[in-house]
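Here is a short note for someone opening this model for the first time. The points can be checked one by one against the display.

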Amino acid sequence: MDERLLYRLYAAQLYEVMPAVMRRMLEEYGSAEAIWNLNEKELTDCVRLNDVQREEFLSAKKRGLPVEMPERMKKSGMTGICYEDPDYPARLRELPDAPYMLFCLGKLPEEDRKSVAVIGTRHCSDYGRRTAEYFGRELAVAGVPVISGMAAGIDSIAQKACVDHGGESYGILGCGVDVIYPSSNRELYRKLTEQGGVISEYLPGSDPLPYRFPLRNRLISAFCDLLIVVEAREKSGSHITVQYALEQGKDVYAVPGRVGDSLSTGCNRLLSQGAGVAWCVEEVLLALKDMHQKKLLTFPLKEIGESIGIKNHKKWPGKLQGKLQKLLNDAPGTAQELYVRLGDPEMKIQELLTVLMQLEIEGKVLCRGGRYEIG
Amino acid sequence: MVVTAATGALCGIDCRLITVEVDISNGLPQMEMVGSLSGEVREAQMRVRVALKNTGIALPPQRITVNLAPASLHKEGTQYDLPIAAAMLAAGGFVPKDGLRDCFLAGELGLNGEVKPVCGILPMVLQAREAGMKEVLMAPDNVSEGAVVSGLHIIGVRDLEELITILSEDEETRRKRCVPDEPVSDEENPKADFGDIYGQEGMKRAMEVAAAGFHNLLMIGPPGAGKTMAARRLSSILPPITEEEALEVSKIYSVSGRLGGGGLIRERPFIAPHHSATLQALAGGGRNPKPGLISMAHKGVLFLDETVHFSPAALEVLRQPLEDKKVLVARNNASYEFPAEFMLVAAMNPCPCGNYPDPQRCRCSREQVQRYLGRLSGPLLDRIDLCVELGRVELPDYRKAGEADPDWYSVNMRKRVLGARRMQELRFAGEKICFNAQMGVKELKRYVALGKKEQEYMDTVYERLHLSLRSYHRILKVARTIADLDRSENVEVGQLQEALCYRGVEERYWG
């Protein structure tokens, strides 16, 4: 068994509880093994520790080395990279609170390849869903890896679109890399381990505890070169990532939303504070161009609305269909809402239902929870 | 010497004929009762004895034995007081024995000799008629309930004194005491009208379809969209209850003592249990089981408001009646069958906050929404033919309400429903079923024959929407009803399309 790995895992456990102290201890004693070998007296004498921390050390020592962990990592094909290793990601090394260990399923992002993080609210609107899909897909086509947190909503939608179009994507988790959270991400999780990686600073088997998510956000921003916020409310976890990104000197872009749309308030505020306008993928790729592949500029500029299918220039045949297309282009709605918006006293509701059903079968509209939208 | 009188014991909502046998013979002066009696029946001897004393009857100082036959049947209730008293009077020679011939009695006695009403008079009178009885004696308060059954004489007895008079009278004098049969009143109670609801044409249409085919309906919508309001108006468009159905429903109400003194139930019941209702309250229970709320909704509407807040066990109890149209309640001595053929109307919010899928108002996560909707179990959803989503009432709708579309007044909706009913009556003339909702696979094959175009359409839809075979059948049933509403012999593509819009929630929320 790799003894060194055992000591490192032991140190990583303590590192999560008190990173600053551990960092200083590691500097002072040189290695994880040296810390493990400190006896009780040495720990008691160590001036760096207060009582609580000392207690923590002693009880960790009592628990012993996490001997079952390496086996567990081996089984799932997980790798663990330590700060002391030469292949530790350079982007993280610069962080003042760089994780001591990184666990990874799949691979780590390439060092010299620029990547983009796409983040946003967990409970997104239809607009957010489409925009996230658009960026995921277009970035995959352009060969830019997509970094995100694999959370429900924008994160996983963007990552899924990316891997579905053959792109590379990396998920940074707030739990152990062998813990699938949320469980609906099982499929995405599997794909990421093949087309990218799932990365976490937390030990295998760690639960998705609430405090871990804001902290992992610093890794999302650290791994990327440019951050896109797709949809965020005024108060949103995305702002934590933005804050980290600004501290780390990364470009922040936001997708503009409608004024008064609560799900876009956060984005619009970012824009007013000077964030880049992520209104099409080329905008983002241009920002990356100095650092990236030459082929970027050969893309023809395409309006975002066209790409995400909100603007469909092809007219639907039929009079009622045409009116519906106009209405649905403005905003989705339930059959009842559409009936009211059409405002035709001559028309019966059942006629509208019939037409909507026809459009649904033709794939022109989608019905989600009773709301119809352009398909 | 033995004297007998006839009465009845309730078994579920039916009644069994009981013979009260009284023997007075020499021995120690005491009274004994036998025949598998429960507490309240055993107490009858005290009531009867004291009531007789207070009426001025001095029982002979002899040994009195009372037997309720068949002795093997467990007897509960207080309807035995009156027949026991009558038989004792005849055995003691206070009234002629002939007075009890072809006479059925049921009533409770007070210590002063007064006759009090009992539950379940209707099934008892029906049983009496079946057994060939000519007269039924009961408390005056029960008379209006008993009088709905024609073909025999209903006589109200105020107290024991009157009982002695009646039993001593000859047949003709007695006949004069009979109350006339309850006349059937045609007037209907004024009901709330669908015209009061602003907008929501989609929901009204779904209600119309549900009422026409007796389909179960699920309404999903935000608070204040008018779900409860609409459900309460459903009875205003349901087809009227038939005489036969009315009798069956009234029996259930009679047994549970909820007929309220009036005659037959002449309206389809509308039962809206609170969501804290227990399993027993819904299915029926008690040591001697009484029908539960779902049986009270027989031939009518069972409306579950805030469906997901019902306990899962209470919801699961609906599965059997939805499938078999009856509830089987088993107790240690017997199992009772209560009919429960109702139209289920369930209402719920789409998510904990009620505003899904409106991202402006709803802050529930996807998981929360799924968990919330997931509280309705699949097997229950399988039994629901129509599902309709309601939006928030828009202000333009509200303003328009004054000039509501006459199409959506209850009276016009009912006209269309009745038209569709007639189509179904003709169609199912020789069958056991009478509504489209009751069609099984066999009936679907026979009565919902799709043309070539329609068949092709359904084939594409089946693939495209990933329908299950079960929902495919549901759609055919609903389409048949819509076609009936359109007075169309064959089901056409348009009707299939509308039916598809009401397809189950599982395909649209979880699909």
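1. Helix α13 of chain A, residues 265-272, lies across β7 (226-229), β8 (251-254) and β9 of chain A. Its direction makes an angle of about 130 degrees with β8(A). Axes are lines fitted to C-alpha atoms, for helices over the stretch in contact, with angles from 0 to 180 degrees between N-to-C directions. Contact means C-beta atoms, placed from the backbone, within 7 Å. Helices (H or I, at least four residues) and strands (E, at least two) are DSSP runs, numbered from the N terminus.

2. The model is predicted: local features need pLDDT of at least 70, side-chain atom pairs count only at pLDDT 80 or more, and totals for chains, interfaces and linings use all residues. Residues are numbered from 1 along each chain as its sequence is written, while chains are lettered from A and ligands numbered from 1 in the order in which they are written.

3. In chain A, nine strands make an open sheet of mixed pairing, ordered β1-β2-β6-β5-β4-β3-β7-β8-β9. Because β1 (79-82) and β9 (276-277) of chain A are edge strands with a single partner each, one side of each has no neighbour in the sheet. Strands pair if DSSP finds at least two bridges between them.

4. Within chain A, β4 (residues 146-148) and β5 (residues 169-172) run parallel and are joined by three bridges. A:Ile147 has A:Tyr170 as its bridge partner in β5(A).

5. The domain assignment, automatic or from a database, divides chain A into domain 1 (1-65), domain 2 (116-304) and domain 3 (319-374). The centres of domains 1 and 2 of chain A, taken over C-alpha atoms, are 35 Å apart.

Technical notes. Two residues are in contact if their C-beta atoms, placed from the backbone, lie within 7 Å.
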